[in-house]
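Subject: Handing over a structure

Hi,

Here is the structure I promised to pass on. Have a look at it first, and then read on for my notes.

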Amino acid sequence: MKHDIYSTEGLYKIIEKADLSPTISKHVIYAPLIAAKAQPGHFVILRSRPGGERIPVTLVDWSPADGTVTVIIQSLGKSTTEINAFKQGDSFSDVAGPLGTPVEIKNWGTVMGVGGGVGIAELYPIARAYKNAGNKVISVLGARSKALLILEAEMASISDKIIITTDDGSAGKKGLVTDAMKDLYAAGEKIGAIFTIGPIIMMKFVAETSRPHATPTFASLNPVMLDGTGMCGGCRVEVGGKSRFACVDGPMFDAHQTNFDALLKRTAAYREQERESLEKYAKDHNCKIGLH
Ligand SMILES: Cc1cc2nc3c(=O)[nH]c(=O)nc-3n(C[C@H](O)[C@H](O)[C@H](O)COP(=O)(O)OP(=O)(O)OC[C@H]3O[C@@H](n4cnc5c(N)ncnc54)[C@H](O)[C@@H]3O)c2cc1C
Ligand code: FES
């Protein structure tokens with residue numbers, strides 16, 4: 001299908017919406033210019049309404065033919081809860097992108113993808129690109145419980161080996177993704193590179209697990225972002241002792257060089273304001289989602 005790039009008709013409309021878990025939803029959005037340029041590792045910044053918060057989310061899939069991009073969003077605070085309440089046919093007020101530096105796709109032999117929570121969705125396009133480039137792909141996916149595990153079938157379809165871990169043992173092996181990594185190393189698996197996306201604390205321990213084996217390891221860093229174009233400095237991260245901007249220099253960086261403790265501290269800086277904002281939203285909309 002050909003799209004009139006100058007037409008704004010239907011722009012940023014949700015063509016399809018699906019709930020993947022109680023707190024995670026998939027949105028297929030009409031955004032033809034972004035779909036035409038998207039590559040693995042790119043993200044967009046979207047707003048649910050004019051004046052709304054700017055929310056960075058990773059492109060999970062895209063179709064230049066249909067003019068659509070797919071994002072998968074976890075309800076965490078006020079804005080993501082608001083977005084996941086959208087229905088098919090609703091529209092975002094704006095979607096900016098594609099942003100960030102795409103991941104370099106090459107042949108490492110064997111690539112291990114380690115995803116946690118909604119990070120599994122962010123890992124999917126990267127793992128798929130490595131599979132298509134001829135790598136053997138091993139996927140290690142972790143979630144708190146079976147109900148929160150997403151994209152298992154999609155990840156299985158592009159993986160040579162898939163290992164599931166859950167904190168409570170309700171799916172796959174009971175334990176952490178790092179336990180599965182240790183088992184693979186102990187079994188003599190030769191791993192060319194590791195890509196990890198998920199909670200910061202998980203990525204920190206993935207890096208610590210691969211460090212003694214000197215396996216090149218890359219983590220997708222998720223500091224608070226504002227403009228997403230390298231102008232505001234809000235997404236500053238420390239990699240190799242230097243300040244880097246995750247929105248333009250990343251978001252994928254060498255995990256062995258990343259100061260995860262500094263990142264954990266920076267992302268917690270607005271926790272009190274975020275909680276207040278979510279509490280007010282939940283009270284106004286009579287809902288409990290995201291509050292724990
Ligand atoms: C490059 C990148 C890609 C991302 N991809 C995805 C994705 O594919 N799916 C998904 O569910 N989430 C993704 N995130 C995280 C998502 O942006 C945050 O969950 C969201 O901004 C939270 O907004 P909120 O108002 O709902 O929550 P808030 O209550 O405002 O914040 C909750 C937590 O979210 C983080 N956060 C808040 N505001 C921002 C911001 N402007 N930028 C980054 N993080 C923020 C902070 O850690 C904060 O503690 C990504 C983040 C980055 C930086
Ligand atoms: S988000 Fe502003 S510099 Fe990266």
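A cavity here is a set of points, on a 1 Å grid over the protein atoms alone, where a 1.4 Å probe fits but cannot get out, and a pocket is an open set with protein on both sides within 12 Å along at least five of seven lines; lining residues have an atom within 4 Å of a point. Grid points are joined across faces, edges and corners, and a volume is the space filled by probe spheres set on the points.

Please keep in mind that this is a predicted model, in which local features need pLDDT of at least 70 and side-chain atom pairs count only at pLDDT 80 or more, while totals for chains, interfaces and linings use all residues. Residues are numbered from 1 along each chain as its sequence is written, chains are lettered from A and ligands numbered from 1 in the order in which they are written, and side-chain values use heavy atoms, with hydrogens and water left out.

About 70 Å³ of space lies in the largest cavity. Its lining includes Gly-41, Phe-43, Thr-58, Val-103, Glu-122, Pro-251 and Met-252. By class, that lining has six nonpolar, four polar and one charged residues (Ala, Val, Leu, Ile, Met, Phe, Trp, Tyr, Cys and Pro count as nonpolar, Asp, Glu, Lys and Arg as charged, and the others, Gly among them, as polar).

The second largest pocket holds about 230 Å³. It is lined by 14 residues, and the closest to its centre are Pro-102, Val-103, Glu-104, Phe-218 and Met-252. Strand β16 (residues 252–254) gives the largest share of this lining, three residues. The pocket lining divides into eight nonpolar, two polar and four charged residues.

**Sheets**

Helices (H or I, at least four residues) and strands (E, at least two) are DSSP runs, numbered from the N terminus, and two strands pair if DSSP finds at least two bridges between them.

One open sheet has four strands in the order β1-β2-β6-β5, with antiparallel pairing. At its edges are β1 (14–21) and β5 (61–63), each pairing on one side only. Within this sheet, β2 (residues 24–30) and β6 (residues 68–74) are joined by seven bridges in the antiparallel sense, and Ile-24 has Gln-74 of β6 as its bridge partner.

Another open sheet has three strands in the order β4-β3-β7, also with antiparallel pairing. Because β4 (55–58) and β7 each have a single partner strand, one side of each is left without a neighbour in the sheet. β3 (residues 43–47) and β7 pair over four bridges, and Arg-47 stands opposite Asp-94 in β7.

**Helix packing**

α6 (residues 200–210) and α8 (residues 260–267) pack at an angle of about 180°, with their axes 10 Å apart (axes are lines fitted to C-alpha atoms, for helices over the stretch in contact, and angles run from 0 to 180 degrees between N-to-C directions). α6 and α8 are therefore roughly antiparallel, a term for angles over 145 degrees.

**Backbone points to check**

Most residues other than glycine have a negative phi, and most peptide bonds are trans. The bond from Gly-97 to Pro-98 is cis, with omega near -5°, and Pro-98 is found in β7 (residues 94–99). The bond from Gly-250 to Pro-251 is cis too, with omega near 15°; Pro-251 sits in the loop between α7 (246–249) and β16. Tyr-12, in the segment before β1, has a positive phi of about 65° although it is not a glycine.

Best wishes

How values were computed. Parallel < 35°, antiparallel > 145°, perpendicular 65-115°, else oblique.
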